[in-house]
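Here are my notes on this model, in numbered points. Have it open beside you as you read.

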Amino acid sequence: MAAEADGPLKRVLVPILLPEKCYDQFFVHWDLLHVPCLKILLSKGLGLGIVAGSLLVKLPQVFKILGAKSAEGLSLQSVMLELVALTGTMVYSILNHFPFSSWGEALFLMLQTVTICFLVLHYRGQNGKGVAFLVGYALVLLVLLSPLTPRAVVTLLQASNMPSVVVGKLLQAVTNYHNGHTGQLSAITIFLLFGGSLARIFTSIQETGDPLMAGTFVVSSLCNGLIAAQLLFYWNAKAPHKKKKE
């Protein structure tokens with residue numbers, strides 16, 4: 001009876017949340033406090049939660065731009081550099097065969113960031129540039145994922161994530177400071193990004209053991225924390241209405 005009940009549970013847990021040795025540790029030997037396996041379970045659970053949450057992380061930002069019919073307060077350079085970082089993480093992880101739970105949010109955040117880039121250009125009246133950007137980015141992504149791109153180039157792209165993240169977030173921070181408000185930045189999106197990058201420090205160490213990945217998320221957490229702090233500081237500040245031209 002136990003073996004029969006074991007079957008469906010094992011099929012669900014083993015490929016997704018636990019390696020077989022940890023399943024046996026928990027449900028055969030009943031060692032529920034086995035620390036290494038608990039770390040794996042926590043890491044896998046957090047990773048899958050981050051991936052699932054990433055489907056919605058930037059949608060509040062997209063809807064805020066669409067609702068206001070404006071991308072005021074968003075730095076296009078900052079969004080572009082964030083896209084470079086996400087692309088580097090995604091391509092590097094795919095080519096290194098890392099588990100999807102350790103990087104999957106990069107795919108969904110990339111799609112949403114591409115949308116935001118296009119909307120920023122669209123609401124600046126630069127539709128032609130927006131379409132060219134979409135086509136150009138798709139071509140670059142295809143080349144990076146193809147055998148044409150040497151592995152060293154992909155590693156270099158991942159290594160460039162840290163300066164990309166720092167410069168991108170600093171550009172946004174400077175824009176906020178000069179404006180005296182955070183414009184159409186979505187608080188929900190920023191705080192979710194901050195929480196997700198903090199959790200990713202643990203999951204990247206646990207699931208990939210790659211110091212480059214872990215270091216990227218440490219830097220990302222610090223930078224997202226800076227933007228989150230600005231959102232709190234400028235919480236009651238409003239963008240001035242542009243009517244003062246006679």
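1. Let's begin with the largest pocket, which has a volume of about 450 Å³. For the terms: on a 1 Å grid over the protein atoms alone, a pocket is an open set of points where a 1.4 Å probe fits, with protein on both sides within 12 Å along at least five of seven lines, and lining residues have an atom within 4 Å of a point. Points are joined across faces, edges and corners, and the volume is the space filled by probe spheres set on them. Of the 28 lining residues, the closest to the pocket's centre are Leu-86, Leu-109, Leu-193, Phe-217 and Ser-220.

2. A word on provenance. This is a predicted model, so local features need pLDDT of at least 70 and side-chain atom pairs count only at pLDDT 80 or more, while totals for chains, interfaces and linings use all residues. Residues are numbered from 1 along each chain as its sequence is written, and side-chain values use heavy atoms, with hydrogens and water left out.

3. Which elements supply the pocket lining? At least two residues each come from helix 3, helix 5 (76-95), helix 6, helix 9 (161-179), helix 10 (187-207) and helix 11 (211-233). Helix 10 gives the most, with six residues. Helices here are DSSP runs (H or I, at least four residues), numbered from the N terminus.

4. Now the packing. The largest nonpolar core has 41 residues, and those with the most contacts inside it are Leu-83, Met-110, Ile-116, Phe-133 and Tyr-137. A nonpolar core is a set of buried Ala, Val, Leu, Ile, Met, Phe, Trp, Tyr and Cys residues joined through side-chain atoms within 4.5 Å. Buried means under 20% relative accessible area, exposed means over 50%, and partly exposed is in between (1.4 Å probe, protein chains only). Two or more core residues come from each of helix 4 (59-68), helix 5, helix 6, helix 7 (127-145), helix 8 (151-159), helix 10 and helix 11. Helix 6 provides the largest share, nine residues. Apart from this core lies another, of five residues, among them Leu-18, Phe-26, Cys-37 and Ile-40.

5. Take a look at Met-110, in helix 6 (residues 104-122). Its relative accessibility is 4%, so Met-110 counts as buried. Not counting residues up to four places away in sequence, Met-110 touches Leu-83, Leu-86, Thr-87, Met-90, Tyr-137 and Leu-141; contact means heavy atoms within 4.5 Å. With the neighbours within four places again left aside, Tyr-137 is in contact with Leu-83, Thr-87, Met-110 and Val-114.

6. How many disulfides does the structure hold? It holds one, formed by Cys-22 and Cys-37 with their sulfur atoms 2.1 Å apart; the criterion is a pair of cysteine sulfur atoms within 2.5 Å. The link is left-handed, with -80° about the S-S bond. Cys-22 lies in helix 2 (residues 20-27) and Cys-37 in helix 3 (residues 35-54), so the pair ties together parts that are 15 residues apart in sequence. Both ends are buried: Cys-22 has 0% relative accessibility, and Cys-37 has 3%.

7. Cys-117 is buried at a relative accessible area of 0%, and Cys-223 is buried at 10%.

8. Two backbone spots to check by eye. Most residues other than glycine have a negative phi. Lys-69, however, has a positive phi near 50°, and its place is in the loop between helix 4 and helix 5. His-97 also has a positive phi, of about 60°, and is found in the loop between helix 5 and helix 6. Lys-69 is exposed at 62% relative accessibility, and His-97 is exposed at 69%.

9. Last, Gly-183, in the loop between helix 9 and helix 10. Leaving aside neighbours within four places in sequence, Gly-183 is in contact with Lys-64, Glu-72 and Gly-73.
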